[in-house]
Amino acid sequence: MSMKVKMELVANSGIFITAGDSTILLDGIFGENPFFSQPVGEMQKAVFGMASKYKDIDYLIFTHRHMDHFSSMYLDEYISNNEVKKVYIPRLKQETNSLEDKNSLLSLTSIVKVEEYYIPFGKYHKEELTQNCTLTYFRSVHMGGGEYQDTRHYTIMLTIEEKNYIFAADADYMMKNFEVIKDIPNLAAVFINPLFFANIKGQNVLDNLKPEIVVIYHIPFEDEDKMGLRKLVKRDILKYKDKPYKIIALTEKDQVI
């Protein structure tokens, strides 16, 4: 009997995953930021130890340290107020750009195992989280040109009962970002942001990867959409409606796949 898997939007590219008895949070503990949605109330409650569906998450995983994906201050608070098995976060580098959280984690992290990871381009790291869930991460170029080229950005792949789920976060729409997994079988879903989906190079990547489902995420909530991304997503879903994969847009708080 297959394990029940649920994936729920928190905000931005924050995804809360329940796989059987285990819970995983990707890019879901972040702070105030100028362009995307702010932290949701339920997550803020969990950070400070109050009753919340986001309390005591087993595994916390971050793709990069930009402030709309990660907050060292809130992560320290969460670790001190919750039972956590392990945290995965890219290692801080000496020179950072203006959107990166430049702070190291505090001594509170000794309560759990924190892996500040680094792996070069073209390589990947794979490890078992649970009996039925494996984490793979690999370096990918952050989209946005020169200012972000040195950002330590990683794409995350979770393998749950032999089905693969890719979370690309802010990875650029270039095939070389996905070379290490280009022939991966059983690709259930790829999570990408609106600019990736809108670009013809991004569509070429998806055509090569051949996922069953494309999930567009990192979309601001309606009252916080300063850049008109929601309108862009609606337009592009219609434009690419005849693609062989199913398209889902995560646009609302607590929306579940």
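This is a predicted model: local features need pLDDT of at least 70, side-chain atom pairs count only at pLDDT 80 or more; totals for chains, interfaces and linings use all residues.
Visitor: Where does Glu-100 lie, and what is in contact with Glu-100?

Guide: Glu-100 lies in the loop between β5 (86–90) and β6 (113–117). Leaving out neighbours within four places in sequence, Glu-100 is in contact with Arg-65, His-66, Lys-93 and Thr-151.

Visitor: What makes Thr-18 buried, exposed or partly exposed?

Guide: Thr-18 has a relative accessible area of 22%. Buried means under 20% and exposed over 50%, with partly exposed in between, so Thr-18 is partly exposed. Thr-18 touches Lys-4, Val-5, Lys-6 and Thr-23, if you don't count residues up to four places away in sequence.

Visitor: Thr-18 lies in strand β2. What makes β2 (residues 14–19) largely enclosed by the rest of the structure?

Guide: Five of the six residues of β2 are buried, so that's the reason for saying β2 is largely enclosed.

Visitor: How do you know that β2 pairs with strand β1 (residues 5–11)?

Guide: Pairing takes at least two bridges. Six bridges join β1 to β2, and the two run antiparallel. Ala-11, for one, has Gly-14 in β2 as its bridge partner. The hairpin of β1 and β2 has two residues between the strands, and there Asn-12 takes a positive phi near 55°.

Visitor: And how do you know that β2 pairs with strand β3 (residues 22–26)?

Guide: Again, at least two bridges are needed, and β2 and β3 have five, in the antiparallel sense. Thr-18 stands opposite Thr-23 in β3. In this hairpin, too, there are two residues between the strands, and Gly-20 takes a positive phi near 65°.

Visitor: What makes the buried residues of helix α2 (residues 72–81) line one face?

Guide: The buried residues in α2 are Ser-72, Leu-75, Asp-76, Tyr-78 and Ile-79. Looking down the axis of α2, they fall within an arc of 165°, so they line one face of the helix. What covers them includes α1 (41–47), β4 (59–61), β5 and β6.

Visitor: Which residues touch the most other members of the largest nonpolar core?

Guide: That core has 55 residues, and Leu-60, Leu-158 and Phe-167 touch the most other members. Not counting residues up to four places away in sequence, Leu-60 touches Leu-25, Ile-29, Leu-75, Tyr-78, Val-84, Lys-86, Val-87 and Tyr-88.

Visitor: What makes Phe-197 and Tyr-240 an edge-to-face pair?

Guide: Their values are 5.5 Å centre to centre and 80° between the planes. With the limits at 6.5 Å and 60 degrees, the pair is edge-to-face. Phe-197 is in helix α3 and Tyr-240 in the loop between α5 and β13, 43 residues apart. Both residues are buried.

Visitor: How do you know that strand β12 (residues 213–216) pairs with β11 (residues 187–192) and with β13 (residues 246–249)?

Guide: At least two bridges make a pair. Four join β11 to β12, which run parallel, and Ala-189 stands opposite Ile-213. β12 and β13 also pair in the parallel sense over four bridges, with Ile-216 opposite Ala-249. From β12 the chain crosses through helix α5 (residues 229–239) to β13, in a right-handed β-α-β crossover.

How values were computed:
Residues are numbered from 1 along each chain as its sequence is written. Side-chain values use heavy atoms; hydrogens and water are left out. A crossover is right-handed if, with the strands pointing away from the viewer, the path from the first strand over the helix to the second runs clockwise. Contact means heavy atoms within 4.5 Å. Buried means under 20% relative accessible area, exposed over 50%, partly exposed in between (1.4 Å probe, protein chains only). The arc is that of the directions from the helix axis to the C-beta atoms. A nonpolar core is a set of buried Ala, Val, Leu, Ile, Met, Phe, Trp, Tyr and Cys residues joined through side-chain atoms within 4.5 Å. Rings of Phe, Tyr and Trp (its six-membered ring) pair if their centres lie within 6.5 Å; planes under 30 degrees apart count as stacked, over 60 as edge-to-face and the rest as tilted.
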